[in-house]
Amino acid sequence: MGLTSRVLYEKRGRVAYVTLNRPEVLNALDLRAHAELTEVWDDFEADGDLRVAVLTGAGKRAFCVGQDLKELAERRRAGHDVRSTIGSLGRPGWPRFTERFDFVKPVVAKVRGHAIGGGFELALACDVVVAEVRASFALPEVRLGLIAGAGGAIRLPKQIPYRIAIGHLLTGRAMSAARAYELGLVNEVVSEPELDASVDAWADEIAAAAPLSVLATKEVVSKSHHLAVDEAFMTRYHWEERRMCSADAAEGAAAFAENRPPHWRGC
């Protein structure tokens with residue numbers, strides 16, 4: 001069921017489906033869309049029955065092309081202060097998905113068509129990315145007097161080799177889905193008829209895993225990524241401490257020993 005006009009939000013079992021719903025403008029993000037997305041992510045995070053989200057864009061032409069530049073130009077002409085830099089503090093939708101650094105529920109990006117600017121940055125912030133074979137990715141902000149301030153200039157060099165990242169950031173050059181897969185930015189590239197089934201398979205497998213193990217794993221990976229190995233081992237992790245002391249921690253081994261499917265309780 002669609003709860004908002006800019007964003008469609010549907011819950012199917014353990015999976016939330018979040019769809020950017022402005023296909024007529026290639027799912028560009030205006031201020032209203034950012035505000036609606038905040039409500040969606042807040043609800044997803046708070047709903048204990050939901051274990052994973054799928055983020056996508058309506059239509060077949062674009063996942064998302066980032067900031068609505070027409071709205072930006074109109075607001076500038078109207079005399080609004082539209083200056084922006086790294087992050088979204090003080091603007092509608094804060095903290096945006098790209099800045100929810102403690103967000104431990106996994107998100108799968110389903111990318112068809114263009115993922116440009118903020119759209120690419122959304123994909124970079126997701127945990128799993130499945131792309132249709134004709135999808136393309138680009139951060140063209142330097143061509144527009146802007147900067148990839150929703151994480152592109154920060155995340156891209158952390159996810160692929162520096163020389164390749166800086167080359168794309170300084171030129172705005174696009175990369176194909178196949179190239180993104182080659183660089184490790186995409187988990188899977190599939191044909192259009194296979195896209196929905198592939199994404200659902202990823203989401204269903206995550207949703208079927210022990211929920212506290214999933215949360216703890218994402219937390220450990222995200223919080224230890226920048227640490228030295230010995231420091232990472234000595235760091236305390238909230239969700240790992242919850243998993244360690246949970247009934248589910250014993251359930252997995254018991255189910256294996258009894259040759260039956262596990263019954264996860266999330267506690």
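Modeller: Let us begin with Arg 112, which touches Gly 59, Lys 60, Arg 61, Ala 62, Phe 63, Glu 132, Glu 192, Leu 195 and Asp 196, leaving aside residues up to four places away in sequence; contact here means heavy atoms within 4.5 Å. The model is a predicted one, in which local features need pLDDT of at least 70 and side-chain atom pairs count only at pLDDT 80 or more, while totals for chains, interfaces and linings use all residues. Residues are numbered from 1 along each chain as its sequence is written, and side-chain values use heavy atoms, with hydrogens and water left out.

Arg 112 lies in the loop between strand 5 (107-111) and strand 6 (114-116); helices (H or I, at least four residues) and strands (E, at least two) are DSSP runs numbered from the N terminus. With a relative accessible area of 10%, Arg 112 is buried (buried means under 20% relative accessible area, exposed over 50%, partly exposed in between, with a 1.4 Å probe and protein chains only). Its side chain makes a polar contact of 3.0 Å with the side chain of Glu 192. A polar contact is a pair of N or O atoms within 3.5 Å; within protein, one must be able to donate a hydrogen and the other to accept it, and residues adjacent in sequence count only if both atoms are side-chain atoms.

We may now turn to the helices. The axes of helix 4 (residues 152-159) and helix 5 (residues 162-171) come within 8 Å and cross at roughly 150°. Axes are lines fitted to C-alpha atoms, for helices over the stretch in contact, and angles run from 0 to 180 degrees between N-to-C directions. Helix 4 and helix 5 are therefore roughly antiparallel (angles under 35 degrees count as roughly parallel, over 145 as roughly antiparallel, 65 to 115 as roughly perpendicular and the rest as oblique). Gly 152, Ala 153, Leu 156 and Pro 157 of helix 4 make this contact with Ala 165, His 168 and Leu 169 of helix 5.

Helix 3 (residues 118-125) packs against helix 4 at an angle of about 50°, with their axes 10 Å apart. These two helices, helix 3 and helix 4, are therefore oblique to each other. In helix 3, Phe 120, Glu 121, Leu 124 and Ala 125 meet Gly 152, Arg 155, Leu 156 and Gln 159 in helix 4.

Finally, at the start of helix 2 (residues 69-77), a side-chain oxygen of Asp 68 reaches to within 3.1 Å of the backbone nitrogen of Lys 70.
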